[in-house]
Amino acid sequence: MAFQPQKEITPDELAARLKRGEQVHVLDVREPLEWAEGHIPGAKHIPLGQLLERLAELDPEEEVIVVCRSGGRSSLACELLSERGYRVVNMTGGMLTWQDEVE
């Protein structure tokens with residue numbers, strides 16, 4: 001299979017989609033302590049180290065926007081998921097650049 005460049009979305013684009021009320025599936029792959037410090041409302045939390053054993057919690061038919069602290073782990077998660085047929089988008093810059101509300 002040929003390498004496909006990752007799809008990406010900026011934090012501002014994601015925030016705009018959420019504000020419009022779009023049905024967006026956000027997956028946060030940070031560690032539990034990072035998650036507890038604040039995350040995108042409605043996001044699903046699966047730490048990167050648990051991703052492969054918890055694949056059943058994700059729907060391969062749904063586009064999933066993957067988030068981490070700075071964009072590195074989410075990029076890796078996107079590779080792992082896209083190799084398995086999931087439709088994924090990496091949020092660039094991660095939570096460090098997220099300006100919108102957190103819960």
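1. Histidine 39 touches Asp28, Arg30, Met95, Glu101, Val102 and Glu103, leaving aside residues up to four places away in sequence; contact here means heavy atoms within 4.5 Å. The model is predicted, so local features need pLDDT of at least 70 and side-chain atom pairs count only at pLDDT 80 or more, while totals for chains, interfaces and linings use all residues. Residues are numbered from 1 along each chain as its sequence is written, and side-chain values use heavy atoms, with hydrogens and water left out.

2. Histidine 39 lies in the loop between α2 (32-36) and β3 (44-45), where helices (H or I, at least four residues) and strands (E, at least two) are DSSP runs numbered from the N terminus. With 10% relative accessibility, histidine 39 counts as buried, a term that means under 20% relative accessible area, with exposed over 50% and partly exposed in between (1.4 Å probe, protein chains only). A polar atom of the histidine 39 side chain lies 3.0 Å from the backbone oxygen of tryptophan 35.

3. The largest nonpolar core has 15 residues, and those with the most contacts inside it are Leu27, Val29, Leu51, Leu58, Val66, Leu81 and Val88; such a core is a set of buried Ala, Val, Leu, Ile, Met, Phe, Trp, Tyr and Cys residues joined through side-chain atoms within 4.5 Å. The elements that give two or more residues to this core are β4 (63-67) and α3 (72-83), and the largest share, 3 residues, comes from α3. A second, separate core of 14 residues includes Trp35, Ala43, Ile65 and Trp98.

4. Valine 88, listed above for the largest core, touches Lys7, Val64, Val66, Cys78, Leu81 and Ser82, not counting residues up to four places away in sequence.

5. For α3, the 12 residues should span 16 Å at 1.5 Å a residue, and the end C-alpha atoms are 17 Å apart, which agrees; the expected span is 1.5 Å times one less than the number of residues. The buried residues of α3 are Ser74, Ala77, Cys78 and Leu81. Because they cover an arc of only 105° around the axis, they are on the same side of α3, the arc being that of the directions from the helix axis to the C-beta atoms. These buried residues pack against β2 (25-28), β4 and β5 (87-91). Glycine 85, whose phi is positive, near 90°, follows α3.

6. UniProt lists residues 20-103 for "domain: Rhodanese" in an unreviewed entry, and such annotations may be inferred rather than shown by experiment. In the model, the end C-alpha atoms of residues 20-103 lie 18 Å apart, and the span is 20% helix and 19% strand.

Definitions and conventions. A polar contact is a pair of N or O atoms within 3.5 Å; within protein, one must be able to donate a hydrogen and the other to accept it, and residues adjacent in sequence count only if both atoms are side-chain atoms.
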